[in-house]
Amino acid sequence: KRLLEDVARGSETNTRLLGITMKDTVLLKIYKRDIGRQLTHYEYPNGVCTPGLRRFFVSVDGTFHMCEKIPETMAIGNIETGLDLDRIISLMKTYAENSAPDCCKCWALRLCTLCYIHAYCADFDLETKRMNCESAKKIIHRRLQLYCKILEKNPDALAPMKHIALS
């Protein structure tokens with residue numbers, strides 16, 4: 001509420017706003033969304049990455065994991081044999097196939113921030129994903145409200161976000 005009041009008065013500094021938005025990937029995704037892009041025949045669910053493509057986590061024993069957040073049961077290779085592409089494809093396919101029925105009819109598809117950590121324990125768990133999905137949709141809804149309120153008060157308030165990259 002204080003942020004909104006500061007923005008309305010025009011007293012919000014770019015530094016404070018950038019600090020808030022850098023931590024708020026949902027608000028940044030809303031700002032950076034491609035408004036003109038039509039949904040394609042195939043939309044990959046959520047904001048999941050391709051494991052091992054841009055980053056991965058190496059444990060002390062040399063095992064590769066999707067990232068530091070994923071349980072160690074989710075190995076995707078090791079230093080001896082490299083990335084296990086069959087394993088990565090299998091994990092992605094399982095996630096996509098199990099997520100598709102819910103995600104393809106979801107209003108928040110393009111703004112979703114869920115990833116593998118929200119669905120996998122040792123194996124894919126649809127109920128865990130659905131529980132996390134409901135929480136994510138509530139957050140996205142609140143951020144959409146905040147986004148609109150900020151722009152109603154000051155249409156240029158979020159302009160500094162154009163310099164922040166989504167990764």
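**View 1. The bend in helix α4 of the predicted model.** Helix α4, which spans residues 85-103, bends by about 25 degrees at E97, and a proline, P101, follows within four residues. At the start of this helix, a side-chain oxygen of D84 reaches to within 3.3 Å of the backbone nitrogen of D86.

**View 2. The buried residues of helix α4 and their packing partners.** Within α4, the residues I88, L91, M92, Y95, A96, S99 and C103 are buried. The elements against which the buried residues of α4 pack are the strands β3 (75-78) and β4 (82-83), together with helix α5 (126-153).

View 3. An α-helix has 3.6 residues a turn, so residues three or four places apart point the same way.

**View 4. A salt-bridge network that joins D102, E127 and R130.** The side chains of R130 and D102 meet in a salt bridge with an N to O distance of 2.7 Å; this pair links distant parts of the chain, with R130 in helix α5 and D102 in helix α4, 28 residues apart. R130 also forms a salt bridge with E127, the closest N and O atoms being 3.4 Å apart, and both of these residues lie in α5, three residues apart. Through shared partners, the salt bridges join D102, E127 and R130 into one network. E127 is exposed, with a relative accessible area of 53%, whereas R130 is partly exposed at 36% and D102 is partly exposed at 25%.

Terms used: Residues are numbered from 1 along each chain as its sequence is written. This is a predicted model: local features need pLDDT of at least 70, side-chain atom pairs count only at pLDDT 80 or more; totals for chains, interfaces and linings use all residues. Side-chain values use heavy atoms; hydrogens and water are left out. The bend at a residue is the angle between axes fitted to the seven residues ending there and the seven starting there. Helices (H or I, at least four residues) and strands (E, at least two) are DSSP runs, numbered from the N terminus. Buried means under 20% relative accessible area, exposed over 50%, partly exposed in between (1.4 Å probe, protein chains only). Contact means heavy atoms within 4.5 Å. A polar contact is a pair of N or O atoms within 3.5 Å; within protein, one must be able to donate a hydrogen and the other to accept it, and residues adjacent in sequence count only if both atoms are side-chain atoms. A salt bridge is a side-chain nitrogen of Lys or Arg within 4 Å of a carboxyl oxygen of Asp or Glu.
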